[in-house]
Amino acid sequence: MKVYDVFFCINDGYIHPLCVALVSILENNADMQFMFHIISQDLSDKSKNKISKLKTRYKNFDFEVTVPDMARFSGLKSTIEHISVETFFRYAIADMYPNMSQALYLDADLVCNGKLNELFNVDLKGFYAAGVRDPNLDSDRYKRLLIGEPMYINTGVLFLNLDAMRRDEMGKKMIALSHELAGRIEYQDQDVINVAFAGKIKEIPIKYNFARGYQFYNESELKYASIIHYTGHRKPWVRRRKLLDFIRKPAVNIWWKYDSINKLIQQKN
């Protein structure tokens with residue numbers, strides 16, 4: 001059976017949303033076999049056990065935890081309060097896995113609410129990655145000054161052409177750009193990926209990265225979303241009474257649904 005590679009880059013404090021994301025993928029894609037690659041510098045044995053516990057319900061996955069070479073990221077600092085240095089680890093995926101041709105990278109602050117098989121069948125020939133256009137920034141003056149005409153994507157969901165990235169040494173280029181553009185960019189690694197991949201990003205439908213804010217003007221599309229991404233610093237795992245002040249409930253209720261399944265699994269002996 002074909003195995004589909006999915007990457008996450010997290011610190012130990014993000015184990016809860018990661019498990020919810022994994023549950024959501026497995027609940028909706030029982031016909032696919034997954035290998036979850038978690039790149040982390042500090043994932044504890046307790047957190048690893050929480051991932052292992054998901055095997056009591058799902059048989060179609062395995063996982064590995066890889067510690068990156070932190071020297072590669074020396075001097076790179078997060079400039080956005082709710083984003084940690086782990087976000088830069090995705091720069092190294094192609095180099096860390098030299099025998100892998102393509103893979104799906106996902107932020108951990110999302111859930112999968114549909115099938116992923118079509119996404120894995122996207123033709124990446126001639127592209128570094130496939131991603132979803134960011135409606136908030138794609139037509140913004142900031143984007144035009146940054147990269148000109150090529151579209152600007154939200155990088156929380158990236159279907160990566162690892163062969164092409166290695167061939168053109170994109171890992172090194174993204175590190176260099178992070179240093180070169182420091183102080184001039186607002187969205188740190190997301191900006192860097194858009195600059196590095198400019199003109200070689202294949203657009204995929206919004207359903208594969210339906211960001212939290214989109215529901216305010218695309219609410220009718222939420223029911224078709226395969227991946228719902230809770231962008232920004234306000235996350236669904238904060239207390240509900242605070243949540244109602246800044247986000248409509250439909251998208252958040254979907255996260256809570258998978259959170260409830262995860263909690264049932266984790267509570268079992």
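Visitor: How many aromatic pairs does the count come to?

Guide: A pair of aromatic rings is described by the distance of the centres and the angle of the planes. Rings of Phe, Tyr and Trp (its six-membered ring) pair if their centres lie within 6.5 Å; planes under 30 degrees apart are stacked, those over 60 edge-to-face, and the rest tilted. By this rule there are 13 aromatic pairs. One of them joins Phe36 and Phe61, a tilted pair with 5.7 Å centre to centre and 45° between the planes. Phe36 belongs to strand E2 (residues 33-39) and Phe61 to strand E3 (residues 61-66), so this pair ties together parts that are 25 residues apart in sequence. Helices (H or I, at least four residues) and strands (E, at least two) are DSSP runs, numbered from the N terminus.

The model is predicted: local features need pLDDT of at least 70, side-chain atom pairs count only at pLDDT 80 or more, and totals for chains, interfaces and linings use all residues. Residues are numbered from 1 along each chain as its sequence is written, and side-chain values use heavy atoms, with hydrogens and water left out.

Visitor: Is Phe36 buried or exposed?

Guide: Buried means under 20% relative accessible area, exposed over 50%, and partly exposed in between (1.4 Å probe, protein chains only). Phe36 counts as buried because its relative accessibility is 0%, and Phe61, at 3%, counts as buried too.

A second pair is formed by Tyr142 and Tyr187, edge-to-face, with 5.8 Å centre to centre and 75° between the planes. Tyr142 lies in helix H5 (residues 141-147) and Tyr187 in the loop between helix H7 (170-180) and helix H8 (188-196), so parts 45 residues apart in sequence are tied together. Tyr142 is buried at 15% relative accessibility, whereas Tyr187 is partly exposed at 31%.

Visitor: Which residues form one aromatic cluster?

Guide: The cluster consists of Tyr4, Phe8, Phe34, Phe36, Phe61, Phe120 and Phe159. The ring of Phe61 also has the charged end of Lys55 over it, 4.5 Å from the ring centre. A charge sits over a ring if NZ of Lys or CZ of Arg is within 6 Å of the ring centre and within 35 degrees of the ring normal.

Visitor: Which residues line the largest cavity?

Guide: Rolling a probe the size of a water molecule over the atoms shows where empty space is left. On a 1 Å grid over the protein atoms alone, a cavity is a set of points where a 1.4 Å probe fits but cannot get out; lining residues have an atom within 4 Å of a point. Grid points are joined across faces, edges and corners, and a volume is the space filled by probe spheres set on the points. The search of the whole structure finds one cavity of 30 Å³ or more, and the largest cavity holds about 50 Å³ of space. Its lining is made of Arg90, Tyr91, Leu158, Leu160, Met165, Met174, Ile193 and Phe197.

Visitor: What does the backbone of Glu169 show?

Guide: Glu169 has a positive phi of about 50° although it is not a glycine. Glu169 is located in the loop between helix H6 (162-167) and H7, and is partly exposed at 45% relative accessible area. Gln188, also not a glycine, has a positive phi of about 25°. Gln188 is found in helix H8 and is buried at 4% relative accessibility.

Technical notes. On a 1 Å grid over the protein atoms alone, a cavity is a set of points where a 1.4 Å probe fits but cannot get out, and a pocket is an open set with protein on both sides within 12 Å along at least five of seven lines; lining residues have an atom within 4 Å of a point.
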